[in-house]
Amino acid sequence: MPNITISNTTGHPQEFEVHGWNNNKNVTVGGHSKSVIPGPDKSSGAIIALHDGHEGEQAEGTFNGFGGNDFFDISMILGAGGNLTIEQQGDPKTRKGDPQLMQKIRTAWHKADAKTKESLKNDVHLDNSGLPVRVEAPKSHPELEKWLRTTGISGLYIGVGAWLGDPGNPNDNQQSSAAHGTKPWLITYSDISGSSANHGKPLAQSSKLVAEDSSAGAHHHTTDHHHLTDAATSHSLTAQTHPEDLRNQAQDQGPGIVLGNKSNKEQAYYFYQNVKGSDGKDAANFDHPLKSTTLKAHSNTFVSLPGSFKGRVQRGTLIPATWAEFQLDASDDHGAHGDISLEQGCDGAATISSTDGSHRVGGFTEDILKGAPAAAFQTRSDGARVLASTMGNWLGGPNQAAIDYERRVVGQKKAYITGGTGTDDIASKNQRLAVDFY
């Protein structure tokens, strides 16, 4: 019999209203815990997050429906106060929902003018800091639905979609697509707990490579371009971290990354291309990697990417994690530019270097997890103990212990710790960079 796993990634218990399964009895999932309920073949139902007794975002679907496929979606037509995604277990390509739903709503609310806020004052519920914690049902509040469609949220029903002769919104209608056969489901819940210190500003956007190109009036890689011109005297690193024959082969393969696994175990690496936020600017993508590759211990490969790529590569798909951020064809010089960032956490050392013979290197090779204070750690959803985010995200606010420790043992010059300036821009005029994970 298929089953449904509900994963609560927050630090507090979360109650879900259940229809069609579990004898229609509610389920409360503890913080950082999972609950499993059966989903009989051909059965249909809904799992709805409750917020102070109010119905919010919901996962709904049918096991083994038309054509032998599962059908499911995420809907906020009843309202929302958290983030919910659903997918077939082991098949992230089937994922639906927006894991940053409430963060995007907060960001949009922070930017909204006084007239908009006044018109929605009964539809958007705020905390003591004036930040949204819950929204009413868009299906009953047309002005709210209209505004929500400007916030950049995606991957879920905002309105009711095509229904009773109403063609619905095309973005909503896309959510009715089938999954791949029938398999167990994974529903993942997160929210904004611990993030109010960010005052509604984007929690998951990095401040450098997710920004617009410098030709548009903003810094496109980093605010200052202090290159590491002598790798022997800068951070005790060298640009010879990849075999020269692999670097030379890359010269004929177009833009991309010479990727190296310097660890003692096999590791999968994922490339995430930035997405456009509600303001039209680049924003970090947490949901849909462009491609991935798995490397055996102490091995290298060349990963070909489109010249338009602007984003990051990281170990696995989870955060907190160390990010190697880069773009391959900057608008001002058409070269590649990159850096190492610890803003969304640190799960190990990484370096980024040029491949054009200029010997520029950034990042660090030391295992800084050893010796880190206990307060700087966070247990990731896979059980790994990693250093927490220094900027904050939907998992919580900035971790001051991590900030202080990383400033001391790494320093802002080697890697972005809290945004701002002072981190070396690693440039390579041939549109290829080398990234090593340790």
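These legends describe close-up views of one predicted protein model. Residues are numbered from 1 along each chain as its sequence is written, and side-chain values use heavy atoms, with hydrogens and water left out. Because the model is predicted, local features need pLDDT of at least 70 and side-chain atom pairs count only at pLDDT 80 or more, while totals for chains, interfaces and linings use all residues.

**View 1. The whole protein.** The protein has six helices and 27 strands; helices (H or I, at least four residues) and strands (E, at least two) are DSSP runs, numbered from the N terminus. Of its 438 residues, 53% are buried, where buried means under 20% relative accessible area, exposed over 50% and partly exposed in between (1.4 Å probe, protein chains only). Among contacts (heavy atoms within 4.5 Å) between residues at least 6 apart in sequence, 63% join residues at least 24 apart.

**View 2. The largest pocket.** A pocket is found on a 1 Å grid over the protein atoms alone, as an open set of points where a 1.4 Å probe fits, with protein on both sides within 12 Å along at least five of seven lines; lining residues have an atom within 4 Å of a point. The largest pocket holds about 1200 Å³ of space, a volume being the space filled by probe spheres set on the points, which are joined across faces, edges and corners. Its lining has 38 residues, and Arg95, Thr188, Thr317, Leu318 and Ser381 lie nearest the centre. Strands that each supply at least two lining residues include β1 (3–8), β9 (91–97), β12 (185–190) and β14 (267–273). The lining consists of 13 nonpolar, 16 polar and nine charged residues; Ala, Val, Leu, Ile, Met, Phe, Trp, Tyr, Cys and Pro count as nonpolar, Asp, Glu, Lys and Arg as charged, and the others, Gly among them, as polar.

View 3. A nonpolar core is a set of buried Ala, Val, Leu, Ile, Met, Phe, Trp, Tyr and Cys residues joined through side-chain atoms within 4.5 Å. The largest one has 38 residues, and Ile4, Ile47, Met76 and Trp147 have the most contacts inside it. Helix α1 (residues 101–111) gives this core its largest share, five residues. Leaving aside neighbours within four places in sequence, Trp147 is in contact with residues including Ile105, Ala108, Trp109 and Leu120. Another core, of 34 residues, lies apart from the largest one, and Ile368, Ala376, Ala402 and Ala415 are among its members.

**View 4. Asp347 and two arginines.** Asp347 is found in the loop between β21 (336–341) and β22 (350–354). With a relative accessibility of 15%, Asp347 counts as buried. Its side chain makes a polar contact of 2.7 Å with the side chain of Arg315 and another of 3.3 Å with that of Arg380. A polar contact is a pair of N or O atoms within 3.5 Å; within protein, one must be able to donate a hydrogen and the other to accept it, and residues adjacent in sequence count only if both atoms are side-chain atoms. Not counting residues up to four places away in sequence, Asp347 also touches Pro320, Ala321, Thr322, Leu369 and Val386.

**View 5. Ser43 in its loop.** Ser43 lies in the loop between β4 and β5 (44–51) and is buried, at 12% relative accessible area. A polar atom of the Ser43 side chain lies 2.4 Å from the backbone oxygen of Pro40. Beyond four places in sequence, Ser43 touches Trp21, Gly61, Thr62 and Phe63.
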